[in-house]
Amino acid sequence: MTYNIALLKGDGIGPEIVDGAVKVLEKVGERFNHTFNFTPYLIGGCAIDATGEPLPEETVKGCLASDSVLLGAVGGPKWDTLPGNKRPEKALLGIRSALGLYTNLRPAKLYSSLSAECPLRPDITEKGIDLVMVRELTGGIYFGERGRRDGKYGPEAYDTECYSVVEVERIARVAFETARKRGKKVISIDKANVLESSRLWREVVHEVAKEYPDVEVSDMLVDNAAMQLVKNPSQFDVVVTSNMFGDILSDEASQITGSIGLLPSASLGDTKCGMYEPIHGSAPDIAGQNKANPIATILSAAMMLRYSFDLEEEAKAIEEAVDKVLTAGYRTGDILGTSKETPLTCTEMTEKILEQL
Ligand code: NAD
């Protein structure tokens with residue numbers, strides 16, 4: 001089969017880590033007899049420098065015409081002082097909207113070979129950490145009405161959280177479908193004791209749950225969820241939550257698994273064309289030094305094979321190769337822990353994974 005992939009390398013370490021993932025996809029293509037065509041497009045700071053816009057029209061058109069999108073990361077200090085709608089990060093919201101990507105899937109798994117990197121006590125992690133966060137991506141407070149006005153105490157600013165039944169139904173379905181392929185347990189996270197939008201969220205999740213009698217569903221308030229993630233993370237299988245709660249909790253979940261450099265994500269909508277990216281940012285502190293860990297991006301490519309192309313065997317081959325490399329003790333700087341060994345570079349880590357493929 002032939003697949004056309006739009007490459008959005010972006011800024012900072014973006015180009016280095018995307019290059020690693022491309023090599024891995026090419027190797028998978030050789031082994032399993034697929035052709036992956038890659039077309040690069042500008043996004044973020046590099047797009048601002050070249051065109052004045054963080055998300056050029058050509059990038060949106062190119063992504064819409066592709067079978068899938070692989071993104072590195074955007075942003076950096078050079079563009080930090082630009083106004084909100086001109087910042088590189090604005091491009092992320094724009095491309096998610098343009099592609100109709102309303103779901104963000106973030107698996108967070110603690111590799112047994114990396115348990116020493118986990119900041120939690122061994123007795124807390126002995127049952128393992130293996131969860132998937134299903135975050136709503138195109139609604140809620142990040143897209144709600146906002147503004148500034150004169151208030152009771154002078155100038156004030158406001159943002160609004162709003163969810164429709166349809167938005168909650170479709171994300172809940174993704175969560176239940178995901179749970180069906182895993183531990184058959186969904187925990188829906190909200191703030192229903194305070195927020196009306198959360199009360200609607202809860203009602204709709206339970207309505208949708210009736211279609212999935214084989215999946216256990218329960219609710220958890222977001223403040224409790226933040227505690228439970230560090231107190232008893234093995235209780236979570238699939239977590240479904242709103243855009244802002246998911247943004248915060250998925251970063252927390254990533255930290256308890258050791259390194260931000262390991263975790264992939266998939267943004268999905270109603271078509272097969274998804275966007276796949278590591279959960280970390282552009283890491284300007286190590287950009288251009290060949291120090292970045294490419295694994296999160298390589299695992300994002302594996303998610304692309306699974307969710308956009310239905311290539312489960314190929315996806316597993318990548319995941320197993322990564323597992324073997326980590327089990328063999330190979331480490332980049334971010335997962336070196338207290339070891340005195342010289343860390344692998346980004347290209348060396350990619351090579352190790354290619355050897356296993
Ligand atoms: P960051 O994730 O870029 O970096 C946080 C820390 O983790 C840094 O010390 C960095 O060196 C390290 N790190 C991150 N990825 C790594 C990897 N693959 N290998 C090794 N170490 C890694 O977060 P930040 O510093 O808060 O943000 C930097 C820039 O990235 C900002 O401009 C921010 O807006 C942007 N950002 C972009 C995205 C995205 O493109 N999706 C996401 C988050 C942040």
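How far is an oxygen atom of the ligand from a polar backbone atom of A283? In this predicted model, the distance is 2.7 Å. The backbone of S282 also takes part: one of its N or O atoms lies 3.1 Å from an oxygen atom of the ligand. H280 uses its side chain instead. A polar atom of that side chain is 3.1 Å from a nitrogen atom of the ligand. On its own, the ligand has 810 Å² of accessible area, and the protein covers 68% of this.

Cavities were considered next. The structure has two of 30 Å³ or more. Helix 7 provides the largest share, three residues. Four of the lining residues are nonpolar, three are polar and two are charged.

The second largest cavity also contains about 40 Å³ of space. R106, P107, A108, M133, S250, A253, S254, L263, P264 and I279 line this cavity. Here, strand 4 (103-109) and helix 9 (243-256) are the elements that supply two or more residues. The lining of the second largest cavity has seven nonpolar residues, two polar residues and one charged residue.

Terms used
Residues are numbered from 1 along each chain as its sequence is written. This is a predicted model: local features need pLDDT of at least 70, side-chain atom pairs count only at pLDDT 80 or more; totals for chains, interfaces and linings use all residues. Side-chain values use heavy atoms; hydrogens and water are left out. A polar contact is a pair of N or O atoms within 3.5 Å; within protein, one must be able to donate a hydrogen and the other to accept it, and residues adjacent in sequence count only if both atoms are side-chain atoms. Accessible areas come from the Shrake-Rupley method with a 1.4 Å probe; for residues, only the protein chains shown count as cover. On a 1 Å grid over the protein atoms alone, a cavity is a set of points where a 1.4 Å probe fits but cannot get out, and a pocket is an open set with protein on both sides within 12 Å along at least five of seven lines; lining residues have an atom within 4 Å of a point. Grid points are joined across faces, edges and corners, and a volume is the space filled by probe spheres set on the points. Helices (H or I, at least four residues) and strands (E, at least two) are DSSP runs, numbered from the N terminus. Ala, Val, Leu, Ile, Met, Phe, Trp, Tyr, Cys and Pro count as nonpolar, Asp, Glu, Lys and Arg as charged, and the others, Gly among them, as polar.
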